[in-house]
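Trainee: I have a chain open on the screen. Can you walk me through how it is put together?

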Amino acid sequence: KNYVLIRLVNVAESQLQIITTDLIDGFKIHPADVLRKNEITISLYELDLFRQKDTTNGKIVTQAFQFANIRKIGEIFSSINKLKFFPWLRDLFNYNIEKEFGDILLTRNDIVHNLHDVEWTYSELKKKVKHVELFANIFFSVSWINIDRRQKWKKKVESECKDKFSFRKL
């Protein structure tokens with residue numbers, strides 16, 4: 001169970017990095033608007049990434065964030081959406097995604113850094129895996145809807161998202 005949770009968080013980190021890169025590049029969001037600062041520090045080990053010709057603003061911005069930290073996830077998605085992201089999701093879905101996802105991330109940290117074991121049952125672990133997958137899909141979908149310039153579709157798509165991403169179905 002420990003391995004499954006560690007891999008789950010690693011996959012979620014990668015997926016969130018791809019999602020934020022796609023949103024930043026797809027909607028041409030300026031890096032300073034996301035980072036809320038004018039400069040970043042990069043590791044010399046990451047220098048080769050910045051030298052590649054397919055390096056985009058989204059790839060540069062996501063290097064500055066830790067996607068295994070719920071506060072950092074909230075910061076980047078709040079910046080991208082120009083609103084308080086997790087409270088907005090709570091209003092949209094009447095569900096505390098921030099708390100559940102944050103607890104999953106903290107449990108993973110306890111396993112890796114404090115050598116604790118996952119105490120969830122198999123069915124609880126399976127539910128957590130499904131929820132994390134759902135959370136990533138929600139983050140991308142609601143962000144895309146929120147920043148899309150075609151406002152005439154917004155209400156219709158929001159309604160469909162609420163239906164498709166219902167927590168009652170899990």
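**Core and helix packing**

Mentor: Start with the largest nonpolar core, which has 43 residues; Ile 73, Phe 77, Leu 89, Phe 101 and Phe 139 touch the most other members. Such a core is a set of buried Ala, Val, Leu, Ile, Met, Phe, Trp, Tyr and Cys residues joined through side-chain atoms within 4.5 Å. Buried means under 20% relative accessible area, exposed means over 50%, and partly exposed is in between, with a 1.4 Å probe and protein chains only.

Trainee: Which helices supply at least two residues of this core?

Mentor: Helix 1 (2–26), helix 2 (31–35), helix 5 (70–81), helix 6 (85–93), helix 7 and helix 8 each do. Helix 8 gives the most, with nine residues.

Trainee: Is this an experimental model or a predicted one?

Mentor: This is a predicted model: local features need pLDDT of at least 70, side-chain atom pairs count only at pLDDT 80 or more, and totals for chains, interfaces and linings use all residues. Residues are numbered from 1 along each chain as its sequence is written, and side-chain values use heavy atoms, with hydrogens and water left out.

Trainee: How many helices and strands does the chain have?

Mentor: The chain has nine helices and zero strands. Both are DSSP runs numbered from the N terminus (helices are H or I, at least four residues; strands are E, at least two). Of the 170 residues, 39% count as buried.

Trainee: Back to Phe 101. What is it in contact with?

Mentor: Leaving aside neighbours within four places in sequence, Phe 101 is in contact with Ala 12, Leu 16, Ile 70, Ile 73, Val 132, Phe 135 and Phe 139. Contact means heavy atoms within 4.5 Å.

Trainee: How do helix 7 and helix 8 cross?

Mentor: The axes of helix 7 (residues 97–114) and helix 8 (residues 122–147) come within 11 Å and cross at roughly 125°. Axes are lines fitted to C-alpha atoms, for helices over the stretch in contact, and angles run from 0 to 180 degrees between N-to-C directions. Helix 7 and helix 8 are therefore oblique to each other. Angles under 35 degrees count as roughly parallel, over 145 as roughly antiparallel, 65 to 115 as roughly perpendicular and the rest as oblique.

Trainee: Which residues make that contact?

Mentor: Helix 7 uses Ile 97, Glu 100, Phe 101 and Ile 104, and helix 8 uses Lys 128, His 131, Val 132, Phe 135, Ile 138 and Phe 139.

Trainee: And helix 5 with helix 6?

Mentor: Their axes, those of helix 5 and helix 6, come within 8 Å and cross at roughly 80°. Helix 5 and helix 6 are therefore roughly perpendicular to each other. The contact is made by Ile 70, Ile 73, Gly 74, Phe 77, Ser 78 and Asn 81 of helix 5 and by Phe 85, Phe 86 and Trp 88 of helix 6.

Trainee: New topic. Is Thr 62 buried or exposed?

Mentor: Thr 62 has 1% relative accessibility, so Thr 62 counts as buried. Thr 62 lies in helix 4 (residues 57–62).

Trainee: What about Gln 63?

Mentor: Gln 63 sits in the loop between helix 4 and helix 5. Gln 63 is partly exposed, with a relative accessible area of 27%. Residues up to four places away in sequence aside, Gln 63 touches Gln 17, Glu 46, Leu 49 and Phe 50.
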